Amino acid sequence: MADKQFVKEIADINADFPQWYTDVVLKTQLVDYGPVKGTMVIRPYGYAIWENIQKELDARFKATGHQNAYFPLLIPKSLLDKEAEHVEGFAPEVALVTEAGGEKLAEPCVVRPTSETIFSTMYSKWINSYRDLPLKLNQWANVIRWEKTTRPFLRTSEFLWQEGHTIHATREESLAETIDMLHLYSDFARDVLAMPTFIGQKSEKEKFAGAEATYGMEAMMLDGKSLQAGTTHHFGQNFSRAYGIQFLDKDSTHKYVWQSSWGVSTRLIGAVIMAHGDQRGLVLPPKVAPVQAVVIPVAAHKAGVLDKASELAECLRAKGIRVELDARDQSPGWKFNEWEMKGVPVRIEVGPRDIEQGVVTYARRDTCDKATMPIGGIAEGIASLLDEIQSNMYSKSLAFRDSHVKLAHNMQELGKILDDKCFAKVVWDRDPACEALFKEKFQATVRVMLDEEPFQDVCTACGRKGDNLSVALVARAY
RNA sequence: CGAGGUGUAGCGCAGUUGGUAGCGCGCUUGGUUCGGGACCAAGAGGCCAUGGGUUCGAAUCCCGUCACUUCGACCA
């Protein structure tokens, strides 16, 4: 429940950011811990954020020729075992079902940690001809990965996500899909989550188990740590060979399909919280906020106030704004704080004074500014204010990010940059030993390799020249 | 899985050298309030995480277990 102590506890968000994060997700009633360790109960307020993310993303998937489907939660263990690298990568974290209905199963099933194996199995049955390709499916589902340590939204044993699995006749097409989806994600993060991201290829070490290449979208959190907010994978023919997904091509020969997969999860909610929050709690971008505007009557007992407030709420609702009328019997100040903590973008106050002057008082969450606007045309006014907040939040995030990225020419600089809670751009010769050095010295990792020209001709880590130099983003990460 | 921390009312905590349980918030009822977490009054709510010791007596001391949590290693 919202309380005074909470506002004090998070007074300095930089002092203990992870703690602030945990407090805020629990106390704003986004989630509770589940009875099974590492699981979370997503409460309605938290789930509504996910629903908004789903709605926006799903529309983008459909617009790019994808369809939704659903595949089973339980996967026979033997299916998982077919792709060697994949099994090895996921084995430590799969949950295994060995018994059901009081009897031991003939073959144990894994609870899906991801669904490449089952998609591939079905694809092998469905695909005959090049005419069946491409096939671009997505599913909204839950998966289970038995992680060692967990944090709500960022890493839980069970999480919700979407996973797209596509198969194509050619390598080029499948690679293009992988890259296109990466951009779809980062556009989505920018336009909907108001969150700038870095995109690029993952290092060999950070690659998805079984993939030929993995691409990632990294977002900067307010404490200067990075969060992987989405990934896309190009599998080449690794899975199609393991699962026998073949088609008869125009040239009358059998060929293996080329495959991609991509996903984002409820972790995006965590990303939004950690990218925009402040001392008072959540700050939600209007496009994902469960409640975009809250109407709070002031002196509700006085004649006409409650009527006016509910009339206003109705007017905003008619305009398609997600609005809530808070007519609870609490003092206005109490409500102000609660809704601020919950990150509602706009608060509208209606009191006798406003009514008399034909205005409403509003406060925007992103800047905490308070002003008035005329009651006439209120719906249009609030709608455009929401747009303004959405774009302002992005500008603010972008400015923050850009001022927290620095070039590291050598290891001394890199250490300093990371300690200043910034991201570093390094020049890297792609030697795993250099990558290991980042980790060993600074507990930092190569997040992604950026599509940029090297800013010097030697590797930041080892100082040697090389013909394989690329710019990489190095940061400490969640 | 390693290292710390914490388990006492729904939440946050106090509880002194051992003597049988308290505070704030929240909740219920009634009343006054209402422009930044209002006030008064009356209530309800506890196997002090758990199992074993020590003791006349344990929330308190000792040992074990479990849970949660933070930091590292691993991952969306």
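The structure is a predicted model, in which local features need pLDDT of at least 70 and side-chain atom pairs count only at pLDDT 80 or more, while totals for chains, interfaces and linings use all residues. Residues are numbered from 1 along each chain as its sequence is written, and chains are lettered from A and ligands numbered from 1 in the order in which they are written.

Chain A contains 15 helices and 23 strands, these being DSSP runs numbered from the N terminus (helices H or I, at least four residues; strands E, at least two). The radius of gyration of chain A, taken over C-alpha atoms, is 25 Å, close to the 23 Å that the globule rule (2.2 Å times the number of residues to the power 0.38) gives for 478 residues, so the chain is as compact as a globular protein of that length. Of the 478 residues, 44% are buried, a residue being counted as buried if 20 or more other C-beta atoms, placed from the backbone, lie within 10 Å of its own. An automatic or database assignment divides the chain into domain 1 (4-276), domain 2 (293-385) and domain 3 (405-475), and the C-alpha centres of domain 1 and domain 2 lie 39 Å apart.

One open sheet comprises three strands in the order β4-β6-β5 with antiparallel pairing, where two strands pair if DSSP finds at least two bridges between them. Its edge strands, β4 (74-76) and β5 (95-100), each pair on one side only. Three bridges join β4 to β6 (residues 103-111), and P76 stands opposite C109 in β6.

The buried residues of α7 include M181, L182, L184, Y185 and F188. Among the elements that cover the buried residues of α7 are α3 (44-63), β8 (158-168) and β14 (258-265).

A second open sheet has five strands in the order β16-β15-β17-β18-β19, with mixed pairing; its edge strands are β16 (323-325) and β19 (370-374). Strands β17 (residues 346-350) and β18 (residues 359-364) are antiparallel and share four bridges, with R347 having A363 in β18 as its bridge partner.

How values were computed:
A residue is buried if 20 or more other C-beta atoms lie within 10 Å of its own, exposed if 12 or fewer, and partly exposed in between; C-beta atoms are placed from the backbone. Two residues are in contact if their C-beta atoms, placed from the backbone, lie within 7 Å.
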